[in-house]
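Here's a quick briefing to read with the model open in your viewer. Keep the residue numbering handy as you go.

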Amino acid sequence: MPVNAIETAEVDLCGAVNAIFTTSPELQRSLSPRNAGTHYFGNVADAEHFAQALNPSLATPSDCPKRLCDRPLLMFIGAIDAYKLHLHLLEVLAKRHPRWTFCLIGPVGEADPTTDVSALARLSNVHLLGPRPYQDLPAYLSQADVALLPLQLNDYTRNMYPMKFFEYLAAGCSVVATDIPSLRDQADVALLCPPEIDAFESAIERVLSGDSPLQSRRLERASCHTYRRRTQAMLELLGRHGLLPDEPLPPQAPPYHQLRAQCRWSWLWGQWTLFIVRSFERVGATGSAEGWLRRVLRAHPSNIVLLGGLTQRRLQAGDYVEGCRLIERIWLEDGEAELLHQLLFRRGSRPGSRIDQLTLFDALAASAVLPFRYTGYCRVVRTYRAIDAKDEVALRQGVEGLSDLLCQLQQDPDTYRCLKPNRENRAKLLISAQLTRLRALMALNDTRGLDKASLDLIDSTQRYDPFAIDRKTALRMTRNILRSLTVAAVMAWHAKDAERYDRVISEVSRLRDACFHKRFEPIIHSTQEDHRAFADALLTFLSDARWPKDAPEQRPGLEQLVDPVLLVYFPDLRRQRAEKARSFLQSLDPTAES
């Protein structure tokens, strides 16, 4: 096997996917550092199928050798490969106990061509039956006195979960198995022992003497490890990570594949229709062009291209009520809203003035149709528009809306383990909303509000674990969460609370260290910003401004905090704009000395 290529591909794959389900605890431990969504789900069984073995009227397979009627019968079902099965152990046991009948069902050497079973085949009490149809396996297991899993203990078996284990239990069989890591929590329903001849011999003798876990307990355990139950548990876990749709998509929603969507006839036809509309508009027939577009839409109400074209024209005309209604309609038809995504995250695509944009995003934020992430970011963007417009009433409304949003996000524990990427991630929305609220309160010079929001931020940050969410999102959030903590540090300085200031420094240091963790190495150079340099600089600035708890007179002057506050306002250190930071600090404490 090309080991190096497979291991490299595994590393890449683990970093690319949203979640990983492993079939052994060892795999879970080894892969967890590569993906926050790594979870352990052992193999399971079709319990109903194998429970047929308990039916007394179940017919014996027609090709079943009569010599398998000899008792006691010890059975193994599965791939017979030398790299995992302890063939020597079976050989010695068969020689020691000629009255024990051993039946091995499964392909020989399928994955390991070096497998040699000639020594076993020579023994008269060992029967190698080869593969048998899946539907006949319960009938074979109904004849077994002991079901065996005689595995070696090596790197492979330490990371495996034998699929046959729960099939054995579901068939009502007593099980003797090697004590591998994945089975250790099943020691109450099976006899687990080291891969040693004497240990296996003793365990088999115990079962044959009637000393084994109760069959009722074995069957109950098997019923808990079925495909349906595991799938339900997996879906619940994906839901907690935010990886399932927030709400059911409309039945007509197409597959999300942009290239395929663009190749559809409706897309081509829609583009051609808009080309004709633009041709009318270029000659000044704007009203006629839109009227014709509406008539075409009445005939083809589900065409996303035409809906998008009309939406853009309504927004440009300042009709934000209908524009919002059309965006909702696009979402219901398509399950996506690319136009809204552009409005939120590409400033150049926003129509009208700042005041116009306030009206637009107010309408979108109030939507009961659009998903939570979109309405949440609408509140964020409208608050920044209020900051730019210096509109105090709009700022107050923005702070109130963001406070409601933050309350929803913080009350949901799943926010802090969301594995959705980037702007779909609830933790990122949480941080964006916190920073925006702080910026709005700074614009309002609301010292009391800033102090309360800063305390809220510190508590929230302590719940945040960058290793528990999507890797790329955690890295991209670094700057915004550190900028928010800078405001919290400034408010601790303003309150002359050295202990609170130290709590902030502790969180900044923790997040800075996380940024340098090997988990982020593969993607650190794929981001536009230098998050590590930013974290280093900010930690240095804030650490230099610390003062002893028992010496309040040593609290530094406001000039020491100018540089970190500049990083709250701007993406890099713009000392030519120092007056902006200095003005904010003086508004907190007009009597503070530089």
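This is a predicted model: local features need pLDDT of at least 70, side-chain atom pairs count only at pLDDT 80 or more; totals for chains, interfaces and linings use all residues.

Residues are numbered from 1 along each chain as its sequence is written, and side-chain values use heavy atoms, with hydrogens and water left out.

**Salt bridges**

- Searching the whole structure turns up 32 salt bridges, where a salt bridge is a side-chain nitrogen of Lys or Arg within 4 Å of a carboxyl oxygen of Asp or Glu.
- Side chains of opposite charge can pair when their charged atoms come close.
- One of the pairs is Arg 417 with Asp 414, whose closest N and O atoms sit 2.6 Å apart.
- Arg 417 is partly exposed because its relative accessible area is 31%, while Asp 414 counts as buried at 17%; buried means under 20% relative accessible area, exposed over 50%, and partly exposed in between (1.4 Å probe, protein chains only).
- Asp 502 pairs with Arg 546, and there the closest N and O atoms are 3.1 Å apart.
- That pair links distant parts of the chain, 44 residues apart: Asp 502 is in helix 25 (residues 498-515), and Arg 546 is in the loop between helix 26 (531-544) and helix 27 (562-569). Helices here are DSSP runs (H or I, at least four residues), numbered from the N terminus.
- Arg 546 is partly exposed, given its relative accessible area of 40%.
- Asp 536 bridges to Arg 512, with 2.7 Å between the closest N and O atoms.
- Since Asp 536 lies in helix 26 and Arg 512 in helix 25, this pair ties together parts that are 24 residues apart in sequence.
- Asp 536 itself comes out partly exposed, at 29% relative accessible area.
- There's also a network: Glu 290, Arg 294, Arg 314, Asp 319, Glu 322 and Arg 325 are joined by salt bridges that share partners.

**Surface patches**

- Lys 580 belongs to helix 28 (residues 578-588) and is partly exposed at 36% relative accessibility.
- Ile 6 sits in helix 1 (residues 3-16) and is partly exposed, at 41% relative accessible area.

- Asn 422 isn't a glycine, yet has a positive phi of about 40°. You'll find Asn 422 in the loop between helix 20 and helix 21 (426-443), buried at 17% relative accessibility.
- Lys 496, also not a glycine, has a positive phi near 60°. Lys 496 is in the loop between helix 24 (478-494) and helix 25, and counts as exposed at 56% relative accessibility.

**Residue neighbourhoods**

- Leu 405 lies in helix 20 (residues 392-411) and is buried, with 1% relative accessible area.
- Leaving out residues up to four places away in sequence, Leu 405 touches Phe 372, Gly 376, Arg 379, Leu 429 and Ala 433; contact means heavy atoms within 4.5 Å.
- Thr 478, in helix 24, is buried at 7% relative accessibility. With residues up to four places away again left out, Thr 478 touches Cys 515 and His 531.
- The C-alpha atoms of Thr 478 and His 531 are 6.4 Å apart, though 53 residues separate them along the chain.
- Glu 559 is in the loop between helix 26 and helix 27, partly exposed at 31%. C-alpha to C-alpha, Glu 559 and Ala 581 are 9.3 Å apart, with a sequence separation of 22 residues.

Conventions: Helices (H or I, at least four residues) and strands (E, at least two) are DSSP runs, numbered from the N terminus.
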